[in-house]
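Here's a quick briefing to read with the model open next to you. Take a look at the chain below, then work through the points by topic.

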Amino acid sequence: MTKIEVQTNLTTRQFRLYDYLKEKGDQWTTQYNIVNDLRELYSYNEDDFVTFHDSQARHQLTNDIRAINESDYLPKPILSGAKGVKIANKSEFDIYIGSNIKAVVGRLNRLKRLAKKGNNDQQYRIKLSEYQKEVCEAFID
């Protein structure tokens with residue numbers, strides 16, 4: 001029997017994290033609980049709970065979640081937010097992706113307005129009030 005090897009950019013730790021989240025099913029799990037349950041993968045000292053957000057284990061976990069979501073090999077998206085971490089179901093994914101698209105579009109619109117202000121530098125304009133200048137000054141000289 002021939003063995004077929006599939007090339008993937010995921011590590012063993014990331015596959016184990018994915019399996020752990022599949023076992024949890026439709027249940028939200030905090031990052032702290034994941035690190036505690038998978039101590040063999042993410043080394044973390046429980047006495048340092050105050051600094052968990054800045055710990056290397058939390059950063060590794062976040063990077064692993066991003067890697068799984070960016071990979072085409074594992075098809076299910078992982079949601080991560082204030083509630084915790086879990087593999088998405090259809091309705092949660094629709095809400096998540098909709099709100100993120102809305103946030104990106106809002107940021108893009110703000111950047112477009114900011115670029116317009118920057119590009120108006122040294123252009124003449126009609127002076128509508130005493131506070132406006134005849135030439136746009138976008139930057140500090």
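Which backbone nitrogen lies 3.0 Å from a polar atom of the side chain of serine 71? It's the backbone nitrogen of tyrosine 73. Keep in mind that this is a predicted model. Beyond that spot, there are five salt bridges to look at, and a largest nonpolar core of 21 residues.

**Around serine 71**

- Serine 71 sits in the loop between α3 and β1 (78-81).
- Serine 71 counts as buried, because its relative accessibility is 7% and the cut-off for buried is under 20%.
- Setting aside residues up to four places away in sequence, serine 71 touches Thr8, Asn9 and Leu10.

**Salt bridges**

- One of the five salt bridges brings together the side chains of glutamate 40 and arginine 16, at 2.6 Å from N to O.
- Glutamate 40 is in the loop between α2 (31-37) and α3 (56-70), while arginine 16 is in helix α1 (residues 12-24), so this pair ties together parts that are 24 residues apart in sequence.
- Glutamate 40 is exposed, at 52% relative accessible area, whereas arginine 16 is partly exposed at 37%.
- Another salt bridge joins the side chains of lysine 86 and aspartate 26, with N to O at 2.5 Å.
- That pair links distant parts of the chain, 60 residues apart: lysine 86 belongs to strand β2 (residues 84-87), and aspartate 26 to the loop between α1 and α2.
- Put together, Asp26, Lys86 and Glu92 form a linked network of salt bridges.

**The nonpolar core**

- In soluble globular proteins, nonpolar side chains tend to be buried together.
- Here, the largest nonpolar core has 21 residues, and the ones with the most contacts inside it are Leu17, Leu21, Ile34, Tyr42 and Ile78.
- Which elements give two or more residues to this core? They are α1, α2, α3 and β2.
- Leucine 21 is a handy one to click on: leaving out neighbours within four places in sequence, it is in contact with Ile34, Ile78, Val85, Lys86 and Ile87.

- Aspartate 64 is found in helix α3, and it is buried, with a relative accessible area of 1%.
- Which residue's side chain does aspartate 64 join in a polar contact of 3.1 Å? That's glutamine 14, again through its side chain.
- Not counting residues up to four places away in sequence, aspartate 64 touches Arg13, Gln14, Leu17 and Tyr42.
- Glutamine 60 is found in helix α3 too, but it is partly exposed, with a relative accessible area of 21%.
- Leaving aside neighbours within four places in sequence, glutamine 60 is in contact with Arg13, Leu41 and Tyr42.

**Lysine 24**

- Lysine 24 has its place in helix α1 and is partly exposed, with 26% relative accessible area.
- How many residues apart along the chain are lysine 24 and lysine 86? They are 62 residues apart, while their C-alpha atoms are separated by 7.7 Å.
- Setting aside residues up to four places away in sequence, lysine 24 touches Thr29 and Asp37.

**Out on the surface**

- Tyr96, Ile97, Ile101 and Val105 make a nonpolar surface patch of about 320 Å².
- Isoleucine 97, one of these patch residues, lies in helix α4 (residues 90-119).
- Isoleucine 97 is partly exposed, with a relative accessible area of 33%.

Note on methods: Residues are numbered from 1 along each chain as its sequence is written. This is a predicted model: local features need pLDDT of at least 70, side-chain atom pairs count only at pLDDT 80 or more; totals for chains, interfaces and linings use all residues. Side-chain values use heavy atoms; hydrogens and water are left out. A salt bridge is a side-chain nitrogen of Lys or Arg within 4 Å of a carboxyl oxygen of Asp or Glu. Helices (H or I, at least four residues) and strands (E, at least two) are DSSP runs, numbered from the N terminus. Buried means under 20% relative accessible area, exposed over 50%, partly exposed in between (1.4 Å probe, protein chains only). A polar contact is a pair of N or O atoms within 3.5 Å; within protein, one must be able to donate a hydrogen and the other to accept it, and residues adjacent in sequence count only if both atoms are side-chain atoms. Contact means heavy atoms within 4.5 Å. Patches are made of residues with over 30% relative accessible area and no salt bridge: like charges are joined within 9 Å, nonpolar side chains (Val, Leu, Ile, Met, Phe, Trp, Tyr) within 5 Å. Accessible areas come from the Shrake-Rupley method with a 1.4 Å probe; for residues, only the protein chains shown count as cover. A nonpolar core is a set of buried Ala, Val, Leu, Ile, Met, Phe, Trp, Tyr and Cys residues joined through side-chain atoms within 4.5 Å.
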